[in-house]
Amino acid sequence: MTVTFAMNPRSKNPSTGEIEKKYNRGYAEPATVAQVMEMLFGGIGGVKNIVKAVREGHEELKETLPFLCPHYSQFRGNHRAQADIMPEAFTFKTCIDVDDKDLVAQAIEKALNVNESPFSEFQGLVEYIEYSARKKVHIWIRLPKGMTVEEAQRAFCDEIGVPYDESCITPERFIYMTGDEVYRSDHWLEPLSEADIADRQEAFRSRGLDVDGRKPSTGHQAETLPKTGSQAQSTGTATAQKGATDVTPADKRTRFIFEEIMKKEGLTVADLNEEGGRHNAVKMILAHATQLLKEGEFMGALSELMPSWHEKEFQQLVKDFYAKYYDESAKLTEFQKDVFRKSRKLNVQQDEENVHQTAAPVYGDTASLSEIYASAQPPLLPEKKPALVKAVTSQTPKEMVPTVAQGMFPALGVYPRDLRFMYTDNLYRELRINCLTIGGTGSGKDTSLKQPLKHITAPMVERDTVNRQRLKEYNEQYNSTKASNDKPKRPADLIIQKVGSDLTPARLAQLMDDSQGAFLYTHLHEFEQWYGIEGLRGQTCTFKNLKLADDEDNPFGQERASAQSVNYMGPLGLNWNASTTPNKIQSMFRYVMVDGPLSRVCLATTPDVGLAAPMPRYGRYDERYDKALQPYIENLQKATGDITCHPALRLAEKLKAECDQYTIKTQDEVFDNLSHRALVHAFRKACLLYAANGMKWEKSIEGFCRWSLHYDLWLKLHFFADMIRKADEQMQTSKRGPRNLLEQIKTNEDGVFTYLEAVNVRQKNGKDEAGTRNMLSQWKSRGYIEDLGDGKYRKLKAS
């Protein structure tokens, strides 16, 4: 077998000969598989040097790379054109080209998952993944039997969540090879057996297609496509058998239940398809499934894993099993209960997706939460905005207004001093606010905020400039004074609030010591600069100071023995803005997904305006702009004390009730966990707007803060939800599960035990006494024990 794999014959680069000499090029004719492998992975031909040069900007060298035609191994006369296609040379494979750099990491991860998934028709069919010359990605797959190139491209793109590209299905298409591999299966470039080829060709003929899956009459791909993704059904699956059990197509819930049962019984897909063992394998699954799946649901899930599901033997087995063993009144086993609870969450989520899967953007102040979180885009900013928001965004291009509206609060929040607002838990909250703007490179995430933040902070910068000069003079005087003379004392009012990005923990401690209770503010142009504030990088960084900056009354600082060392112990007041890209922030937070930093960050983003979009046009940030901001800043400077803002409290209660209702409906623990601090962030913004108005409430504050809350949560779920769930699943656990405390409590012959005996068992298991009464109350409410009074209890049944 030979493959079309050579220097691009169309290259007209006059320096081709020099390029070949410089990069030690080798092959110029079609190569065998062995030569291909040697060239890419044996270091021959200097392919890696060419790839490096292309990535450094020498685009003209790309055409000197070897290439491989994914769909045909050869053409008539070696002319790579549709007219010269040889159907019998069809390779039964294709290559998915992911051109969006923001989707590359996702595509690779999901492709590898699909390759391992027993519920995907592409299980075991991903053969090779490599980065392209421009650092995008090519994913080579073998076609599922009977599926055309177009059908496979659409279905696979659907499974990994990337756009389908119709240019990838052209028969004469070729792929430049780089050797920059991510994954290579043992079957990469391995030819199919003659029997397998004949079988695949027959599958195409049975559909009225040519042996390469194209329509014989037109030479084009088939127009009628099966359902994409895991819903695609090949010949002999869920729709083939008339008169058999009504089959319900598998969904997330039924696949999950089926997969969990197979895991429990130690079964694989092979067990369902091997003669002599598949009958028992189905019975083992049925033993658990009859109480969890309807008969049609069971058949739908089975049909995706077992091609022979429709045979009379198995149809009858399933019918008999359900008729004999299904019992509505039967108690579920602990395993069935656990699987049922988890599957219900998937069911609710899928219902939401089905109803709103193509939902357009919706307004964040009026739309239901189901509409907001089902939409493919973050919620729209309300048309009616608070006066301060309108003033700050007055010169901002329309498409960037949400970014600025979310990002304006950290700088404004540092003007008040010793200002606190009562929250719904009867504890006070300060205006501790941050904003991290996530967007693609060149999307305007930093540019859009630069001028508004510069003008918001101008009054404090003016004061800071004077104090910086005073600090410089003090340092000069101190250093020039001889050790034998009395050193000058450091001035007590060197307040500097707007600080640079080159912060260290020691510098922060000194600034907080000087601030006299005022908050600091910094604008990080790249969030990676936060590592300097922590003093740690990478996996060792737990973002301790980021968490302290969001929490009231948490200890921060350092104690030193030296007279000139910084000695400060107190809360860290640091508001901040920063920007980053999706890949960068996911990389920085990947080790702390469930440890608190993410929930303490408030997010913004930039709009996806598409390719070749017009340049955003900003207004004039001049004296008129400053004059519009001045009264709000002056009101914030005057604001102080402990305040109870009743409209903000009512709003917080209302938003929490709304979030709780949505959590109960979806049973989404990730949403629930993220919503707690997001609600506090929204409350703080409402209070800031109230203080900026001179302690006056605007009706539009409510709609704006509802939008801000769900805009923040939508982005957290969009960028991080799957990573959080994965981190939860990978959490290390004890080798043994939690022990049943009720069983450990010893009783007399009547099953009676005392309160002190319950406390003793808790303490032996590392638990304190404080939770004992709550534990006993829960046991009583669930019917496990009876309260006899006088600190005595009787066991009724095992928990």
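A residue is partly exposed when its relative accessible area falls between the buried limit of under 20% and the exposed limit of over 50%. Glutamate 202, with a relative accessible area of 45%, is therefore partly exposed. The model is predicted.

**Salt bridges**

- Side chains of opposite charge can pair when their charged atoms come close.
- The count of salt bridges comes to 34.
- One of them joins glutamate 202 to arginine 205, with 3.7 Å between the closest N and O atoms.
- Both of these residues belong to helix 6 and are three residues apart, about one turn of the helix.
- Arginine 205 has a relative accessibility of 45%, so it counts as partly exposed.
- A further salt bridge links the side chains of aspartate 550 and arginine 677 at 3.9 Å, N to O.
- Because aspartate 550 lies in helix 20 (residues 544–550) and arginine 677 in helix 24 (residues 669–692), this pair ties together parts that are 127 residues apart in sequence.
- Aspartate 550 is buried at 4% relative accessibility, whereas arginine 677 is partly exposed at 29%.
- Asp550 and Arg677 also belong to a network of salt bridges with Asp551, Glu552, Arg600 and Arg684.
- Arginine 620 and aspartate 622 form another salt bridge, their closest N and O atoms being 3.7 Å apart.
- Arginine 620 is exposed at 63% relative accessibility, and aspartate 622 is partly exposed at 27%.

**Aromatic pairs**

- A pair of aromatic rings is described by the distance of the centres and the angle of the planes.
- The whole structure holds 32 aromatic pairs.
- Phenylalanine 527 and tryptophan 530 count as stacked, because their ring centres are 6.3 Å apart and their planes stand at 20°, under the 30 degrees required.
- Phenylalanine 527 and tryptophan 530 are both buried.
- The pair of tyrosine 662 and phenylalanine 671 is edge-to-face, with 5.1 Å centre to centre and 75° between the planes.
- Tyrosine 662 and phenylalanine 671 are also both buried.
- Ring pairs join Phe527 and Trp530 into a cluster with Tyr531, Phe543, Trp576, Phe589, Phe719 and Phe720.

**Charges over rings**

- Lysine 264 places its charged end over the ring of phenylalanine 335, at 4.9 Å from the ring centre.
- Arginine 773 lies over the face of tyrosine 755, 4.3 Å from the ring centre.

- Aspartate 212 sits in the loop that runs between helix 6 (194–205) and helix 7 (252–265).
- Its relative accessibility is 1%, so aspartate 212 counts as buried.
- Its side chain makes polar contacts with the side chains of tyrosine 72 at 2.6 Å and arginine 214 at 2.8 Å.
- Beyond neighbours within four places in sequence, aspartate 212 is in contact with Tyr72, Ile85, Pro87, Phe90 and Phe204.

- Five strands make up an open sheet with parallel pairing, in the order 12-13-16-11-17.
- Strand 12 (498–499) and strand 17 (603–605) are at the edges with a single partner strand each, so one side of each has no neighbour in the sheet.
- Strand 12 runs parallel to strand 13 (residues 520–524), and two bridges join them.
- Threonine 522 in strand 13 stands opposite valine 499.

Key: Residues are numbered from 1 along each chain as its sequence is written. This is a predicted model: local features need pLDDT of at least 70, side-chain atom pairs count only at pLDDT 80 or more; totals for chains, interfaces and linings use all residues. Side-chain values use heavy atoms; hydrogens and water are left out. Helices (H or I, at least four residues) and strands (E, at least two) are DSSP runs, numbered from the N terminus. Buried means under 20% relative accessible area, exposed over 50%, partly exposed in between (1.4 Å probe, protein chains only). A polar contact is a pair of N or O atoms within 3.5 Å; within protein, one must be able to donate a hydrogen and the other to accept it, and residues adjacent in sequence count only if both atoms are side-chain atoms. Contact means heavy atoms within 4.5 Å. Rings of Phe, Tyr and Trp (its six-membered ring) pair if their centres lie within 6.5 Å; planes under 30 degrees apart count as stacked, over 60 as edge-to-face and the rest as tilted. A charge sits over a ring if NZ of Lys or CZ of Arg is within 6 Å of the ring centre and within 35 degrees of the ring normal. Two strands pair if DSSP finds at least two bridges between them. A salt bridge is a side-chain nitrogen of Lys or Arg within 4 Å of a carboxyl oxygen of Asp or Glu.
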